[in-house]
Amino acid sequence: MNRLVVRLVVSHLLVALVAAGATYLVVRMLAPALFDEGIRLMPMGQGPGGMGASAGALRQQFGDAVEQALLVGALVGAAGAAIFGVVAAYRLVSPLNEVRDATRAMAAGRYSATLARPRDRELAELADDINRLGRALAETETRRVRLLGEVAHEMRTPLTVIDGYVEGMIDGVLPTTPEELGRVGDEARRLRRLTDDLSALSRADEGALDLAVATVDLREVVGRAAQRMLPQAQDAGLTLTVRAGPDPLPVRVDADRIAQVLTNLVGNAVRATAAGGRIEVVCRVEGSAALVSVVDTGVGLPAGELERVFERFYRAPGRRVGGSDGGSGIGLTIARGVALAHGGDVAASSPGPGGGATFTLRLPLSVHAQGDRPRPAG
């Protein structure tokens, strides 16, 4: 009886039984009395003991009695079935009203609204899904608010530096030299990177990334991205190596976008790995796909975080070492969005906290027509 479909069938059956039972009882009790009353009121010469008793008159009297009893019985049965149906419908609709109220509350931004678990299995599963949705929306809203604060903080720092340098130059306190202007330019580029990340995240979410697709050798894209990240890894005291393999990995991609993915993955590994650690970038073929794995010896990930690290604005606890959190929590989200736009994906794996992590970019290998060879990346 814990399945909604069973309750619906049983309730309909019970309504029919109530109607039939009430009709039967009323007819059974009322028909004999009506028949006796009709016989009593017949003229004396047509009674059962009268000489002129008529079989036709008796049949007519019996039919009238049964007809009247059926009419009353049907009315009573319909009334009883209606009352039972209203009660059954209320018990079925009441949980749906609670679902409606909870969803309206969530639509109004009250994500803490929860549903009690009904007895029906289908409604109980629906309540569980809605409660899970409410928790997910609450977490997303919390991350969104946190991101707004972080973005404001990230923008405030370079703007403060730029404002200070510019005011100092205007007042004559600081010289207008290439060195001082270079510091202002560094802060301006920092702002540009932040806005570019936010713009890329928005376009990836909307599926509106502009892709300049061409056939390239993925090894060259990997080498270029690793070379760009090498100074950052060395400054952090890390060893960064690349194993690209001897064979070309032809893929049809936007080389700049894939380089951005690899830069995000390596940058994530740099922030997750303490000084003295290692980061290795490995290229290989698996079936009809080209794979690039970024393997680090950093803090690692628990099993429950392997998918959540790709959520917007989410940052796994302990991913940043040294007390410095330079990421905005959207780099991996952007990386997966770009990979999906190319028909690929990015996946994470880790043996657990302290065991390092591996982020793998998967892209479909290109099937070349004769004479179509990978062109140099970039």
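This is a predicted model: local features need pLDDT of at least 70, side-chain atom pairs count only at pLDDT 80 or more; totals for chains, interfaces and linings use all residues.
Reader: How do you know which strands pair with S5?

Author: Pairing needs at least two bridges between the strands. S4 (residues 278-286) and S5 have 8 bridges, in the antiparallel sense. S5 and S7 (residues 357-364) also pair in the antiparallel sense, over 8 bridges. Some partners can be named: Arg284 is bridged to Leu291 of S5, Cys283 stands opposite Val292 in S5, and Asp296 has Ala357 of S7 as its bridge partner. Between S4 and S5 the hairpin has 2 residues, and Gly287 takes a positive phi near 65 degrees there.

Reader: Why are S2 and S6 said to stand at the edges?

Author: The open sheet has 5 strands in the order S2-S4-S5-S7-S6, with mixed pairing. S2 (239-243) and S6 (345-349) each have a single partner strand, so one side of each is left without a neighbour in the sheet. On average, neighbouring strands are turned by 15 degrees against each other, direction ignored.

Reader: Which helices pack on this sheet?

Author: H5 does, touching S2, S4, S5 and S7, and its direction makes about 175 degrees with that of S2. Helix H7, residues 331-341, also packs on the sheet; H7 touches S6 and S7, and its direction makes about 135 degrees with that of S6.

Reader: Why are H5 and H6 called oblique to each other?

Author: The axes of H5 (residues 218-235) and H6 (residues 255-272) come within 9 Å and cross at roughly 40 degrees. Roughly parallel would need an angle under 35 degrees, and roughly perpendicular runs from 65 to 115. The two helices are therefore oblique. H5 passes H6 in a right-handed crossing. Among the contact residues are Leu218, Val221 and Met229 of H5, and Ile258, Leu262 and Val266 of H6. By kind, the residues of this contact divide into 12 nonpolar, 3 polar and 3 charged.

Methods:
Residues are numbered from 1 along each chain as its sequence is written. Side-chain values use heavy atoms; hydrogens and water are left out. Axes are lines fitted to C-alpha atoms, for helices over the stretch in contact, and angles run from 0 to 180 degrees between N-to-C directions. Helices (H or I, at least four residues) and strands (E, at least two) are DSSP runs, numbered from the N terminus. Angles under 35 degrees count as roughly parallel, over 145 as roughly antiparallel, 65 to 115 as roughly perpendicular and the rest as oblique. A crossing is left-handed if the near helix is turned anticlockwise from the far one by less than a right angle, and right-handed if clockwise. Contact means heavy atoms within 4.5 Å. Ala, Val, Leu, Ile, Met, Phe, Trp, Tyr, Cys and Pro count as nonpolar, Asp, Glu, Lys and Arg as charged, and the others, Gly among them, as polar.
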